[in-house]
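The report that follows goes through the fold, the surface and a few selected residues in turn.

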Amino acid sequence: LQERLHLHIIKGKKGYQRAAKIWIENGIEAFEQGDLTNSEMSTALEVITEHLPQILEQIERFKNGEKVEILNIHRL
């Protein structure tokens with residue numbers, strides 16, 4: 001059984017962090033909050049919803065063995 005398509009989200013690159021896990025297949029849904037605050041999780045869900053077409057495009061490129069871009073999306 002294959003796991004639903006998902007993203008792992010972290011705050012930055014400083015030290016060990018538990019990543020949040022967000023399903024993006026069959027709807028966008030938080031699965032694990034990791035070290036994100038409630039506010040950060042809300043922002044992450046909004047950003048994913050807003051940029052889902054670009055995210056899915058990069059996932060398809062990865063699956064096809066093509067070069068992918070890291071999407072660094074910042075929202076203050």
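## Fold and overall dimensions

From the N terminus on, the order of elements in the chain is β-β-β-α, in a model that is predicted. Taken along the principal axes, the box filled by the C-alpha atoms is roughly 35 × 25 × 25 Å.

Among the contacts in the chain with a separation of 6 or more, 26% are accounted for by residues 24 or more positions apart. Of the 76 residues, 24% count as buried, and the accessible surface of the chain comes to about 6,000 Å², with 52% of that area belonging to carbon and sulfur atoms.

## The aromatic pair

How many aromatic pairs does a search of the whole structure find? The search finds one, and the pair is formed by Trp23 and Phe31, whose rings are 4.7 Å apart centre to centre with 50 degrees between the planes. The pair is classed as tilted, because planes under 30 degrees apart would count as stacked and those over 60 as edge-to-face. The two partners can also be described by their accessibility: Trp23 counts as buried at 8% relative accessibility, whereas Phe31, at 45%, counts as partly exposed.

## Two residues of helix H1

Helix H1 covers residues 38-63 and includes Gln58, and Glu57 also has its place in helix H1. Is Gln58 buried or exposed? Gln58 counts as buried, because its relative accessibility is 10% and the cut-off for burial is under 20%. Leaving aside residues up to four places away in sequence, Gln58 touches Val68, Glu69 and Leu71. Glu57, by contrast, counts as partly exposed at 44% relative accessibility. Glu57 and Glu69 are twelve residues apart along the chain, and their C-alpha atoms are separated by 10.0 Å.

The accessibility values of the residues discussed above are collected here.

| Residue | Relative accessibility | Class |
|---|---|---|
| Trp23 | 8% | buried |
| Phe31 | 45% | partly exposed |
| Glu57 | 44% | partly exposed |
| Gln58 | 10% | buried |

Conventions
Residues numbered from 1 in each chain as written. Predicted model: local features only at pLDDT ≥ 70, side-chain atom pairs only at ≥ 80, totals over all residues. Heavy atoms only, no water. Phe/Tyr/Trp six-rings, centres within 6.5 Å; stacked < 30°, edge-to-face > 60°. Buried < 20%, exposed > 50% of the residue type's maximum accessible area, 1.4 Å probe, protein only. Helix = DSSP H or I, 4+ residues; strand = E, 2+ residues; numbered from the N terminus. Contact = heavy atoms within 4.5 Å. Areas by Shrake-Rupley, 256 points an atom, 1.4 Å probe, with all protein chains shown as cover.
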